[in-house]
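Me: Could you walk me through this structure, starting with a helix and then moving on to the domains?

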Amino acid sequence: MNDVELVLRSTRVITPEGTRAASVAVADGRITAVLPYDSGVPAGARLEDFGDDVLLPGLVDTHVHVNDPGRTEWEGFWTATRAAAAGGITTLVDMPLNSLPPTTTVDHLRTKREVAAAKAHIDVGFWGGALPDNVKDLRPLHDAGVFGFKAFLSPSGVDEFPELDREQLDRSMAEIAGFGGLLIVHAEDPRHLASAPQQGGPKYADFLASRPRGAEDAAIMTLIEQARRHGARVHVLHLSSSDALPLIAEARRDGVRITVETCPHYLTLTAEEVPDGAGEFKCCPPIREAANQDLLWQALADGTIDCVVTDHSPSTADLKTDDFATAWGGISGLQLSLPAVWTEARKRGHDLEDVVRWMSTRTAQLVGLDGRKGAIAVGRDADFAVLAPDETFTVDPAALQHRNPVTAYAGRTLYGVVRSTWLRGERVVADGEFTDPKGRLLTRPS
Ligand SMILES: NC(=O)NC(NC(N)=O)C(=O)[O-]
Ligand SMILES: [Zn+2]
Ligand SMILES: [Zn+2]
């Protein structure tokens with residue numbers, strides 16, 4: 001084993017065994033030991049002492065739309081990965097849509113990887129996309145290292161990424177189950193969307209009524225039925241409807257291989273407080289009522305919801321119009337996800353270990369990266385965030401690093417200042433100062 005190069009020390013290190021004062025030894029970008037706080041520093045090693053700031057594993061955000069290449073006026077690898085790093089995220093997995101080309105063939109994946117390579121400030125992996133006409137591309141994409149496949153059941157918002165009907169979903173799922181892959185699904189049933197009251201305009205209540213919980217519940221029922229039949233591994237993206245929770249819990253008890261994520265905005269923002277005309281709050285499925293949010297928190301606490309990811313899906317500011325029917329759907333959360341979730345979590349009696357489990361450990365597990373990411377433990381990559389959990393700040397859009405600093409969190413006061421972020425033992429950002437990009441491109445461990 002190589003000599004220890006770096007020791008990171010804090011009175012509060014979050015490890016799988018709990019939070020304790022510890023020294024974390026690093027060599028060749030990996031954690032080689034987690035030792036008592038006063039273990040000393042080997043000759044030739046550098047010491048970084050964070051005092052009482054918390055050292056936690058870098059977050060793993062498995063739901064990010066980087067949009068590069070093709071819609072780089074919306075977002076790109078340079079800006080998205082800087083925003084992520086500033087928010088304590090050290091790994092992201094890029095969604096297959098909104099970039100041009102979308103990640104739906106091996107050729108397109110190659111293009112994406114070339115574009116990302118020089119710009120990534122954190123580690124980056126890729127999801128593939130399941131379209132009505134690319135079943136033959138799924139296995140080659142899997143073999144090329146994508147982490148799984150996203151499918152929509154309702155329109156995606158971009159023409160080049162059409163949704164699957166039930167038969168097409170069935171066919172793609174059979175194919176993906178055949179090679180042991182993971183299918184991740186935007187679960188809103190188009191029939192329930194079509195039959196809901198439709199009314200454009202600036203009233204949030206009208207938008208909410210147009211995308212009812214029943215649309216999510218019905219799509220999730222379809223997904224469960226098909227996953228059960230195929231023995232497939234499926235994952236529900238960006239769950240907002242609390243009514244779907246009992247369905248998911250029951251399916252899991254029956255042995256269906258289903259996991260679920262939700263997002264910071266569903267956990268921290270409520271329909272009651274969305275101002276009319278405020279397009280920065282539009283996302284699909286929508287932010288729902290406070291009572292719904294309480295049930296999402298309960299499901300996180302009892303484990304029905306596995307993890308929390310951003311669904312960072314930005315656009316240019318002009319597309320976030322005051323008409324909820326036509327405004328771009330997507331909330332930009334990369335830089336603020338940790339403080340936003342932590343602020344609400346602490347209010348509800350959770351500790352940072354819970355937040356780390358939801359935003360790092362479980363997301364790493366979801367994509368099979370738990371051998372390398374998601375915990376401060378020997379053998380894992382030396383990816384860290386240093387957080388001052390009791391310090392507050394007020395969200396100023398001008399301080400955000402993503403390309404179009406539109407945010408639903410403007411003016412909110414949040415707990416948790418990310419002081420620095422570390423990737424494989426190297427500092428990526430500290431107090432707003434970034435180093436040159438050091439991110440690597442990840443493939444699914446086989
Ligand atoms: N085209 C999108 O980026 N859609 C995303 N938009 C949201 N969530 O509003 C998503 O993940 O479905
Ligand atoms: Zn989606
Ligand atoms: Zn998304």
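Predicted model: local features only at pLDDT ≥ 70, side-chain atom pairs only at ≥ 80, totals over all residues.

Me: How far does helix α10 reach from its first C-alpha to its last?

Reply: Helix α10 covers residues 290–302, which is 13 residues. At 1.5 Å a residue the expected value is 18 Å. The model comes out close to that, with a reach of 19 Å.

Me: Within what arc do the buried residues of α10 fall, seen down its axis?

Reply: The buried ones are Q293, L296, W297, A299 and L300. They line one face of the helix, because seen down the axis of α10 they fall within an arc of 160 degrees.

Me: And which residues are exposed on the other side of α10?

Reply: The buried residues pack against α8 (245–253), β13 (257–262), α9 (264–268) and α12 (352–366). On the other side of α10, the exposed residues are A291 and D302.

Me: Now the domains: which strand gives the most to the side of domain 1 that touches domain 2?

Reply: The domain assignment gives domain 1 as 6–55 + 382–389 + 412–432 and domain 2 as 58–366. Between them, 17 residues of domain 1 are in contact with 20 of domain 2. On the domain 1 side, β2, β15, β16 and β17 each supply at least two residues. The one that gives the most, with six residues, is β16.

Me: How many residues on that side of domain 1 are nonpolar?

Reply: One residue there is charged and four are polar. The nonpolar count is 12.

Note on methods
Residues numbered from 1 in each chain as written. Chains lettered and ligands numbered in written order. Helix = DSSP H or I, 4+ residues; strand = E, 2+ residues; numbered from the N terminus. Expected span 1.5 Å × (residues − 1). Buried ≥ 20, exposed ≤ 12 C-beta atoms within 10 Å, placed from the backbone. Arc of directions from axis to C-beta. Contact = placed C-beta atoms within 7 Å. Domains from an automatic or database assignment. Nonpolar A, V, L, I, M, F, W, Y, C, P; charged D, E, K, R; others polar.
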